[in-house]
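User: I'd like to go through this one and see what backs up each label. Can you start once it's on screen?

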Amino acid sequence: MKRKLDATDRQILAILQRNAETPLAELAAAVHLSSTPCWRRIQRLREQGFITRQVALVDAAKINLGVTVFVSVRTSQHNQAWFERFRDAVRDIPEIVELYRMSGDVDYLMKIVVPDIAAYDRVYQRLIRSVDLSDVSSSFAMEELKNTTALPLDYAD
C-alpha cells in the first residue's frame, strides 16, 4: 500500500538528494529518528519507487566534457517506426545525456555533452546517419548558472 509522504519522508529525501552516502546514523539524527525506523523509511521509499536509484555524479570538466549543447529537433515524420529508429539511435550515442519529446514548435530537445565543437559535429553526423531529421538547431551553453539533480519536494503527496 502506497502511503503519502510526511514531513520526515521529505526530510530524508532532501538529505539523500544532496548526498546519498550520508551515514544512516547521521541521517536518522537529522530527522529525529533512531537508526532502525529511519532505515525502514528509506527501504519503504525505495520499495514505493520514490527513490529510483543511487548514482555517483561525475564532474564533466574533469573528464573533458566541458561543452554542453542543447539541440532542438523537428521532424516531418510522426510514425512509430521513425520514432523507434530515433530513440534507438539516441540510446546508442552516450554523449546525448537527456532527450525530451516536446510540445510546441520543437518535437524533441536533447542535451549533449562533448569536449569541443568537433566532437559535437561527430555526434551530429552519427545522429543524421541513423535517422532522417527535417530541422536541427544547436545552441551551445556559454555558462552554467544552475545544475542540480535534487527535485523540489514541496509538491509531493
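Analyst: Of the 47 residues lining it, Val-55, Leu-57, Thr-148, Thr-149 and Ala-150 are the closest to its centre. Keep in mind that this is a predicted model, where local features need pLDDT of at least 70, side-chain atom pairs count only at pLDDT 80 or more, and totals for chains, interfaces and linings use all residues. Residues are numbered from 1 along each chain as its sequence is written, and side-chain values use heavy atoms, with hydrogens and water left out.

User: What makes something a pocket here, and what does the volume stand for?

Analyst: On a 1 Å grid over the protein atoms alone, a pocket is an open set of points where a 1.4 Å probe fits, with protein on both sides within 12 Å along at least five of seven lines; lining residues have an atom within 4 Å of a point.

User: Why is Lys-111 called buried?

Analyst: Buried means under 20% relative accessible area (1.4 Å probe, protein chains only). Lys-111 has 19%, so the label applies. This lysine is found in strand E3 and touches Thr-68, Val-69, Phe-70, Glu-95, Ile-96, Val-97 and Glu-98, leaving aside residues up to four places away in sequence; contact means heavy atoms within 4.5 Å.

User: How do you know that E1 and E3 pair?

Analyst: Two strands pair if DSSP finds at least two bridges between them. E1 and E3 are joined by 7 bridges and run antiparallel, with Val-71 opposite Met-110 in E3. E1 also pairs with strand E4 (residues 135-140), in the antiparallel sense, over 6 bridges; there Val-69 stands opposite Phe-140.

User: What makes a set of residues a nonpolar core?

Analyst: The members must be buried Ala, Val, Leu, Ile, Met, Phe, Trp, Tyr or Cys, joined through side-chain atoms within 4.5 Å. The largest such core has 20 residues, and Phe-86, Met-110, Ile-112, Val-114 and Leu-127 have the most contacts inside it. Apart from it lies another core of 13 residues, including Ile-12 and Val-31.

Methods: Buried < 20%, exposed > 50% of the residue type's maximum accessible area, 1.4 Å probe, protein only. Helix = DSSP H or I, 4+ residues; strand = E, 2+ residues; numbered from the N terminus.
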